[in-house]
Amino acid sequence: MRVRKVESDVEGVSSKERGATLLMVAGMLVALLGVSAFAVDLGWIYLNTSRLQKAADAAALAGVVNLPASPALADVDAQAASGANDFIIGNPATNTFASQVLPENQYEVTLGTQVDLFFLRVLGFTDMDITRRSTAQYVLPVPMGSPANCFGIGDLSALNAARWPGSNPPAAAVNLCDNYAQNFWGAVNGTHTAKEQGDPFMPACITSSGGSCSGGANSEYNAANHYFYGIDVPAGKSFLDVWVFDFGFYDRPNFDTETGDNELGGSTPGGAHTTITLKRPDITPHDPADNPNQCSLTVNSGSSSSTYRWEWARVCPQIANPAGGTWILKVETFGGVGGTNQYALLANTSGIAASSMPRIYGINDMSVFTNEADGNATVWLAEILPVHAGKKLHLRFFDPGESAPPATMTVQTPSGATAGNCSWNSDNGMSGSSCSITTANGSGAIFNGDWIDMIIDIPSNYTCTQSANGFSGCYWKMNLDLQTSHDRTTWSARVIGNPVRLVPNA
């Protein structure tokens, strides 16, 4: 039998061609291994970059809540948060941390590290430096009532030169305040005043008779908190003076004159008195109740007392080299009689000027008394910054616009135009979709002792132009068109949304 030699195991493929194919496959495997090696290192770099970004985000969010009072503590908390996310500064030595405080209460963190490589070492690459940056913003409580160095100053034209002796606030501080017409007085009621008299928080009573609660307890009364005011003090000032005007329950002939104070029950010794406390800055701007006390001033009731009727008084002795940040004023009343105490606040520092002045404002709530002679006034309502674009503004008005008919209250944007996209409802069951509300008609006051809740959609493209002092250009306002000269009311303002958030890096 003759056996034929077989040239190939595969029909049509020669041994030479088979060898070439093996070489191509080997080359492709080398290339694929190289690409795979690169992919492994690339994935390792991506993983570490992602981890670094998370650590930077956590650090920025943890640190920013210490602003504006404690930038040094911001760094401490930021580094602790980065450590909790497996980033230890200096361990290894290539781990670096940098931070800076930016305008609009923003805090920026930059983290850097070195990532060791694996397969790319064969190409000469042993490691790669990576950095990630994150910026957070702490949106402070909504300032209310004033963009200036005073709050509730009323009508300064009524205060003649005889009421400004040399020991009282300097003329420069008063004149600066006079550039920002207030058209109201700050106000607080006594604990035994009927709640329907315009103050929902200080009275312990729903109704009051003969100096005692006759209608039951007021569920909104909170003896621990009361009314708070912020004083933003720029850094580097050599002194701080805080003044209060007409701080006491001083009976007036009627509500239309001067501050319109009234003490129900007369000047009873040990009766109604008011205390104002100045508190130092701390790291929790959204909680003014926990700030450490600097000093306080208490004024007993009765216009016959040796007190401060129609005069200024220092809340504290002059404070040297005050810490920059938000100082707090707390106003509260005590005693077993009722009434209402109207007053004004003013802050003065070194180098008083529009561009570097301190400013005083209500924190979350403002309790006020308007007594403009013609019954028409425009009042600073709330500062809404562009950072709130696209959010919702929640306004509340207690016992508003009690007046002879017709009376209206209208929310205005910084430009003076009537706000849009409003919806409101009240405790008496009424509701509407207008930003202008009739508060008194032919039947009398419509919202006596009631709350009105209003929600305003802040446009997504909302912006405002800051003024020379950086504050008043973004203030929304309230236009009061009343037929009588006075109204005692309380307002609140809050922006719905998380106050701490990440923002785009500058």
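A residue is called buried when its relative accessible area is under 20%, exposed when over 50%, and partly exposed in between, with a 1.4 Å probe and protein chains only. This is a predicted model, in which local features need pLDDT of at least 70 and side-chain atom pairs count only at pLDDT 80 or more, while totals for chains, interfaces and linings use all residues. Residues are numbered from 1 along each chain as its sequence is written, and side-chain values use heavy atoms, with hydrogens and water left out.

The protein has 506 residues, of which 48% count as buried. Its secondary structure comes to three helices and 30 strands; helices (H or I, at least four residues) and strands (E, at least two) are DSSP runs, numbered from the N terminus. Contact means heavy atoms within 4.5 Å. Of the contacts in the protein with a separation of 6 or more, 76% are between residues 24 or more positions apart. The accessible surface is about 22500 Å², and carbon and sulfur atoms hold 55% of this surface. Such areas come from the Shrake-Rupley method with a 1.4 Å probe; for residues, only the protein chains shown count as cover.

The disulfides come next. A disulfide is a pair of cysteine sulfur atoms within 2.5 Å, and the structure holds four of them. One joins Cys150 to Cys177, with 1.8 Å from S to S. This pair links distant parts of the chain, 27 residues apart: Cys150 is in strand 5 (residues 150–151) and Cys177 in helix 3 (residues 171–178). The link of Cys150 and Cys177 is right-handed, with 80 degrees about the S-S bond, and both cysteines are buried.

Another disulfide joins Cys295 to Cys316, at an S to S distance of 1.4 Å. The torsion about the S-S bond of Cys295 and Cys316 is about -60 degrees, so this disulfide is left-handed. Cys295 belongs to strand 13 (residues 293–299), whereas Cys316 lies in the loop between strand 14 (312–314) and strand 15 (319–320), so the pair ties together parts that are 21 residues apart in sequence. Cys295 and Cys316 are both buried.

Cys464 and Cys474 also form a disulfide, with 1.9 Å from S to S. Both cysteines of this pair sit in the loop between strand 27 (451–457) and strand 28 (475–481), 10 residues apart. The link of Cys464 and Cys474 is right-handed, with 90 degrees about the S-S bond. Cys464 counts as buried because its relative accessibility is 15%; Cys474 is buried too, at 0%.

A nonpolar core is a set of buried Ala, Val, Leu, Ile, Met, Phe, Trp, Tyr and Cys residues joined through side-chain atoms within 4.5 Å. The largest such core has 65 residues, and Leu278 and Val411 have the most contacts inside it. Strand 9 (residues 227–233) gives the most to this core, with four residues. Beyond residues up to four places away in sequence, Val411 touches residues including Leu381, Phe397, Cys435, Met454 and Trp476. A second, separate core of 24 residues includes Tyr180, Trp310, Ile363 and Phe369.

Finally, Gln483 is found in the loop between strand 28 and strand 29 (487–496). With a relative accessible area of 41%, Gln483 is partly exposed. Apart from neighbours within four places in sequence, Gln483 is in contact with Ser403, Ala404, Pro405 and Pro406.
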